[in-house]
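Morning, everyone. I'll keep this short. Please have a look at the structure on the screen.

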Amino acid sequence: MAPISSVEYLSNPLVTSNQLLDLKNSERDNGLSVRFAQAQLTSAAGILLRLPQEVIAQAIVLLQRFWVSSRPEDREGFSPKTFSAATIYLAAKLSATPVAPRSVVNVYAYLTSKASPLLFVNPQGAPTDPDPADYYVSEGTYERERQRLFVCESVVLVGIGFDTRVALPYSLALTYIQVLGVSSASLARRVFEHLNAGLLSPQLLHLTHQPHALAVAAIYVAARETGIKLVEQNWWEVFDVDREDLGFLVLAYGSLANFAEAEAKKWKGIALSLD
Amino acid sequence: MASNSKSKWAVDDEEEAAAVALRKKERDERRRLKEEKARQAAIATAATPSSPSNENERAAKRQKTSPEKENGASTSTSEEGAHLLHFPSRQFGPCGHVDQFELLNNIEEGSYGLVSRARTKGSGDIVALKRLKMEHTNDGFPVTGLREIQTLMACRHANVVKLLEVVMGTSLKDVYLVMEFLEHDLKTLLEDMAEPFLPSETKTLMLQIVSATEYLHSTWIMHRDLKTSNLLLNNRGEIRLADFGMARYTGNPRPKLTQLVVTLWYRAPELLLGAEEYGFEIDVWSLGCIFAELLTKEPVFQGKNEVDQLSKIFALLGTPTNETWPGFRSLPNAKALHPVLSGSTSPPSLSASKFPYITNAGLRLLSSLLSMNPTARPSASEILSHPYFKEDPRPKAKEMFPTFPSKAGQEKRRRRATPQAPERGDAPRLDEQEFAGIFAGRADEEQGAGFSLRLG
Ligand SMILES: Nc1ncnc2c1ncn2[C@@H]1O[C@H](COP(=O)(O)OP(=O)(O)O)[C@@H](O)[C@H]1O
Ligand SMILES: [Mg+2]
């Protein structure tokens, strides 16, 4: 049995209509692409730092909250890469698995170097024998980067009003699957894949919907894909999700693969800088 | 009623205030609903999935327009979902600026002078502003400050201080918690009282303090710095637990945590002995210390350092044995105890003479809170159902509580004599020599004249 999670928040603060409109108006042409790439960068960094998925998810949600609630001038001082590093560092610090600033700086240096496996960094793919010198961080650079990381962390905190609590859908989804009596490893795996992918969605799903709705929608989509029948009529209502929210989220989860594909096409052969 | 100090006017004012509050609540609720509606509309139109349709997308669309066909059922769409539970939605946004507040006076002149009384410029509301300590910047924003905010934000309980918002000053290092203001803290109040609280008052205070603790523990938060100066009291007899600077979430299994928590005088023996895995029982020990302090007006164990603290505890409660506390010898700092304790078989006892105003039930409760063995301490919810709270005298109604002049409200405070919560650093190692000293002195300790209670 998994350990009881220490932080079991039930609900998240949600984005307001004005905040969404402001974000839309202030974002440049590549806004969606930058956010999508930034979320992938954050996820990759979290994996290299061996952070649990919950911590990575928390970082991405905090990052999304920051984009939405900060003023444009707050976002000026740092690159998307540094914001990503600052939120991963912050989320890890609050978790049971904190990481050293040195590790964070090293990992981001690697992920944005010529050796990076990320396609939007190296559109031709990473070299087969990468040169460690490409991502070596000298003491001097580290000192500077560390200071920037710390200032950026504070900027993020101020931008989100210091509310670092993030409720996640993972354990809810597992419970719901059990309640529905359809526990199967393949279904659970598919549900988690959708939930993880949903974090990368530029639609900011974790800001528009509560975890219970995200969990239900991911189960809905995954059950269809794995051919598992959920017999009970309107079963989502048992979990307090209405048809309208479900429809919106099913669409979002279902279309994400296509969005990712479209992005890949759009940036084929072109690097997207997050620096 | 003669004993009720409130005038007729005060009652009217309160009714008036309640009515105003109610109207404001209704207004807020209407605004929230409106905002929620607008949000839903914006969500439906805003974010733009650019991609073509696929299997799922069609399914969802079809389902949206013709639910009856999809499910072969004929549920009425107008009623569908009406019974669903909706979360009240919170919002998020950037920090406000501290200049919305007008500083009135520093509340505590002591250690850091971090807490002040202030007036909200717009509304005139009085608040307390606490400036976060930022001294440890080797890891960026201090994790203790983050936890203080995180845990306080998560708490909604009548006996936990309300965090209204977090604001910043001119630099990123100026971060303030804006809290409801309370007239007193129990430490300052006790220092100024000629006599301790009445037994009925002590019960009312303890019930509220334990309720707050029970709430924290039920949400997996350990406070880790329970003491009288962190317990606030207003002039309506209401307690608010404050100072979450040491608080943190815990879990099951227990994580390894620092032992450098809890102000020395309120620190549980397992922490003093270096336990790395500890739990809610350390808060319960502190509750015992607070209970004793309410009874006598004096902190019960006033050690000068870790070793002295343990010696004070052993002097009052007896030394632990393998029977009363199985396994205590394997705690890191207990190694130093081995030679000293091998011959000793002193029975644990809590002397009643030290607490002249307490009943048998009260003394039983106190000795259970101050069990040396952490597993022998009751949980916070068990404390609430203890017979002590049910026997006479009954807890005094909060409305009947006496009022006291507020130092925080009117004048500067004296410097504190209490030691502060521990700073970061290495946990202390106790050495054998010092321990030998403890036990050498034990024979001379006052054992107290009254009857003594056996601990089970
Ligand atoms: N909300 C408040 N209203 C009134 N006084 C307060 C409030 N919060 C704190 N204080 C006063 O300030 C003192 C220090 O506050 P606390 O939060 O305990 O900070 P510290 O971490 O410095 O101990 C308290 O003992 C109390 O006297
Ligand atoms: Mg304090």
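Let me start with B:Asn230. Its relative accessibility is 6%, so B:Asn230 counts as buried. Keep in mind that this is a predicted model.

What does this residue do in the model?

Is B:Asp243 buried or partly exposed? Partly exposed: its relative accessible area is 22%. The cut-off for buried is under 20%. B:Asn230, at 6%, is on the buried side.

On to ligand 1. It has 18 residues around it. The closest are B:Glu180, B:Asp185, B:Ser229, B:Asn230 and B:Asp243. A polar side-chain atom of B:Asn230 is 2.8 Å from an oxygen atom of ligand 1. For B:Asp243, a polar side-chain atom is likewise 2.8 Å from a ligand 1 oxygen. B:Glu180 uses its backbone. One of its backbone N or O atoms lies 2.8 Å from a nitrogen atom of ligand 1.

Next, the sheet in chain B. How many strands form it? Six, and the sheet is open. The order is β1-β5-β6-β4-β3-β2, with mixed pairing. At the edges stand β1 (96-97) and β2 (101-106) of chain B. Each has a single partner strand, so one side of each is left without a neighbour in the sheet.

β2(B) pairs with β3 (residues 115-120) of chain B, antiparallel, over five bridges. Within that pairing, B:Glu102 stands opposite B:Arg119 of β3(B).

Helix α4 (residues 143-154) of chain B lies across β4 (126-131), β5 (163-168) and β6 (175-180) of chain B. Against β5(B), α4 runs at about 150 degrees.

Last stop, chain A. A:His209 is in the loop between α10 (205-208) and α11 (211-225) of chain A. Its relative accessible area is 4%, so A:His209 is buried. What does its side chain touch? The side chain of A:Asp245, in a polar contact at 3.3 Å.

That's my tour. Questions, please.

Methods: Residues numbered from 1 in each chain as written. Chains lettered and ligands numbered in written order. Predicted model: local features only at pLDDT ≥ 70, side-chain atom pairs only at ≥ 80, totals over all residues. Heavy atoms only, no water. Buried < 20%, exposed > 50% of the residue type's maximum accessible area, 1.4 Å probe, protein only. Pairing = 2+ DSSP bridges. Helix = DSSP H or I, 4+ residues; strand = E, 2+ residues; numbered from the N terminus. Contact = heavy atoms within 4.5 Å. Axes fitted to C-alpha atoms, helices over the stretch in contact; angles between N-to-C directions. Near = heavy atom within 4 Å. Polar contact = N/O pair within 3.5 Å; in protein donor to acceptor, adjacent residues only side chain to side chain.
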